[in-house]
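Dear colleague,

I am handing over the structure that you will be working with, and below it I have written out what was found. Please keep the structure open beside the text while you read.

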Amino acid sequence: MLRAQFPGLNVQVHGKPLVYLDNAATAQRPQVVLDAMNDYYLHHNANIHRGVHSLSESATDLYEQARVSMAQLINAPSEKDLIFVRGCTEGVNLVAQTFVRSRIKAGDEILISHLEHHSNIVPWQILCEQTGAVLKVIPMNQQGELVLDDLDQLINPKTKFMSVVHVSNSLGTVNPIKQLVQAAHDKGVPVLVDGAQATPHLKVDVQDLDCDFYTVSGHKMYGPTGTGVVYGKTEHLEAMPPYHGGGEMISKVTFESTVYNAVPAKFEAGTPNIAGGIGLGAAAEFMLSIGLEKIIARDQQLRVYAEQALAQVDGLRIIGNAADKAPVFSFVIDGVHAHDIGTIIDHYGVAVRTGHHCTMPVFQFYGLAGTCRASLAFYNTEQEVDVLVESLLKAKAMFA
């Protein structure tokens with residue numbers, strides 16, 4: 001059984017079996033990911049790329065194979081189009097401070113959406129402060145979907161870049177990325193897609209989406225924390241200046257000047273998280289071995305079951321009911337604070353997230369300070385959803 005391959009699920013909380021429903025914050029890791037990282041430290045522990053001894057060469061092979069596996073997962077044209085980063089946050093900042101900053105000026109506009117995580121808002125605000133550019137926002141509706149009626153007006157001659165989330169981490173909304181990318185490209189506007197929540201739940205094909213950049217967060221897709229990749233179209237990566245300076249990203253250094261290394265090394269200064277990168281590759285291979293179609297089908301089974309089960313709780317209101325969504329449920333219960341709910345159900349072994357989920361503008365739209373969020377992965381079960389509902393009923397009864 002696939003669930004048995006995740007040792008982190010086999011623990012107890014307050015004497016109860018863990019019901020882990022905080023996957024949008026970070027997923028659990030399969031044993032193969034832990035084994036891959038451990039194997040590196042036990043049998044291949046050396047720095048990569050520059051060594052000529054056997055250990056360094058084997059470590060380099062493992063690390064670069066991880067890049068190949070990640071390219072396969074998102075159907076990138078080449079593994080050389082992938083830059084290893086610490087996650088989507090660093091990926092967005094990298095693109096903002098290299099590709100976009102080099103081509104934007106005062107009065108230009110950057111377009112994002114109302115559904116964005118803070119990591120796809122704040123880097124653009126910083127860039128606007130640095131350059132005098134203006135941040136524009138695609139609005140949303142009560143269903144938690146983007147309102148695209150005025151998209152042609154929002155994308156105008158002043159628009160120099162668009163950055164949008166693929167799947168909302170707080171509401172689970174799946175955005176129509178192909179439509180958004182096409183609309184932007186029709187007016188010559190490049191697009192970054194934040195894929196943090198999409199990679200665990202969707203079959204991502206960056207060539208089909210035709211996006212200019214796509215960010216992936218390793219720990220959301222069953223890989224190690226502090227890992228991820230940025231995909232970029234080859235012509236963009238070759239034209240972009242480096243993000244960090246140091247070893248590995250250079251071809252030649254004198255006191256007068258530096259010649260930068262080829263892509264992707266140009267963006268990977270210093271010793272990387274080698275074990276983490278290898279673990280990320282193992283996570284990609286694990287997902288591919290299961291089959292993305294199988295993962296998607298199981299996700300949707302759980303989503304439908306959870307929607308029906310949560311409807312049994314009187315006074316519970318799910319925030320965001322997009323027609324197309326991942327198994328992510330933000331909800332409130334009349335008369336009970338979200339933090340109280342999270343604290344109480346923790347004593348029944350149930351782990352959910354409470355608060356604004358790093359999407360304050362989303363909940364300002366709904367007039368809420370925050371919600372409880374139950375986010376499911378394919379290894380969750382219907383029985384765990386039942387435990388969630390039972391624990392919510394008990395929490396509600398305490399405040400009756």
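Before turning to the open spaces, a definition is needed: on a 1 Å grid over the protein atoms alone, a cavity is a set of points where a 1.4 Å probe fits but cannot get out, while a pocket is an open set with protein on both sides within 12 Å along at least five of seven lines, and lining residues have an atom within 4 Å of a point. Grid points are joined across faces, edges and corners, and a volume is the space filled by probe spheres set on the points. This is a predicted model, in which local features need pLDDT of at least 70 and side-chain atom pairs count only at pLDDT 80 or more, whereas totals for chains, interfaces and linings use all residues. Residues are numbered from 1 along each chain as its sequence is written, and side-chain values use heavy atoms, with hydrogens and water left out.

Pocket and cavity

The largest pocket has a volume of about 360 Å³, and of the 22 residues that line it, Ala25, Thr89, His117, His219 and Lys220 lie nearest its centre. Helix H3 (residues 88-100) gives the most to this lining, with three residues; helices (H or I, at least four residues) and strands (E, at least two) are DSSP runs, numbered from the N terminus. Sorted by class, the lining of the largest pocket has seven nonpolar, nine polar and six charged residues, where Ala, Val, Leu, Ile, Met, Phe, Trp, Tyr, Cys and Pro count as nonpolar, Asp, Glu, Lys and Arg as charged, and the others, Gly among them, as polar.

The search of the whole structure finds one cavity of 30 Å³ or more, and about 40 Å³ of space lies in the largest cavity. Among the residues that line the largest cavity are Asn23, Gln197, His201, Lys220 and Tyr222, and its lining divides into six nonpolar residues, three polar and one charged.

Tyr222 and the aromatic residues

Tyr222 lies in the loop between strand S9 (213-217) and strand S10 (228-232), and its phi is near 75 degrees, a positive value in a residue other than glycine. With a relative accessible area of 1%, Tyr222 is buried, a word that here means under 20% relative accessible area, with exposed meaning over 50% and partly exposed in between (1.4 Å probe, protein chains only). Tyr222 also forms one aromatic cluster with Phe6, Phe286, Phe378 and Tyr379.

In the whole structure, 14 aromatic pairs are found; rings of Phe, Tyr and Trp (its six-membered ring) pair if their centres lie within 6.5 Å, and planes under 30 degrees apart count as stacked, over 60 as edge-to-face and the rest as tilted. Tyr63 and Phe84 form a tilted pair, 4.6 Å centre to centre with 40 degrees between the planes. This pair links distant parts of the chain, since Tyr63 is in helix H2 (residues 54-74) and Phe84 in strand S4 (residues 82-85), 21 residues apart. Tyr63 counts as buried at 2% relative accessibility, and Phe84 counts as buried at 11%.

The two sheets

An open sheet of seven strands has the order S4-S10-S9-S8-S7-S5-S6, with mixed pairing, where two strands pair if DSSP finds at least two bridges between them. S4 and strand S6 (134-138) stand at the edges, each with a single partner strand, so one side of each is left without a neighbour in the sheet. Within this sheet, strand S5 (residues 109-113) and strand S7 (residues 159-165) pair in the parallel sense over three bridges, and Ile110 stands opposite Phe161 in S7.

An open sheet of four strands has the order S13-S14-S17-S16, with antiparallel pairing, and its edge strands are S13 and strand S16 (353-355), each of which pairs on one side only. Six of the six residues of strand S14 (residues 328-333) are buried, so S14 is largely enclosed by the rest of the structure. Val328, Ser330 and Val332 point one way from S14, and Phe329, Phe331 and Ile333 the other way. Four bridges pair S14 with strand S13 (residues 316-319), where Arg317 has Val332 as its bridge partner, and four bridges join S14 to strand S17 (residues 371-375), where Val328 stands opposite Ser375.

A cis peptide bond

Finally, a cis peptide bond joins Val263 and Pro264, with omega about 5 degrees, and Pro264 lies in the loop between strand S12 (258-260) and helix H9 (274-290).

With best wishes
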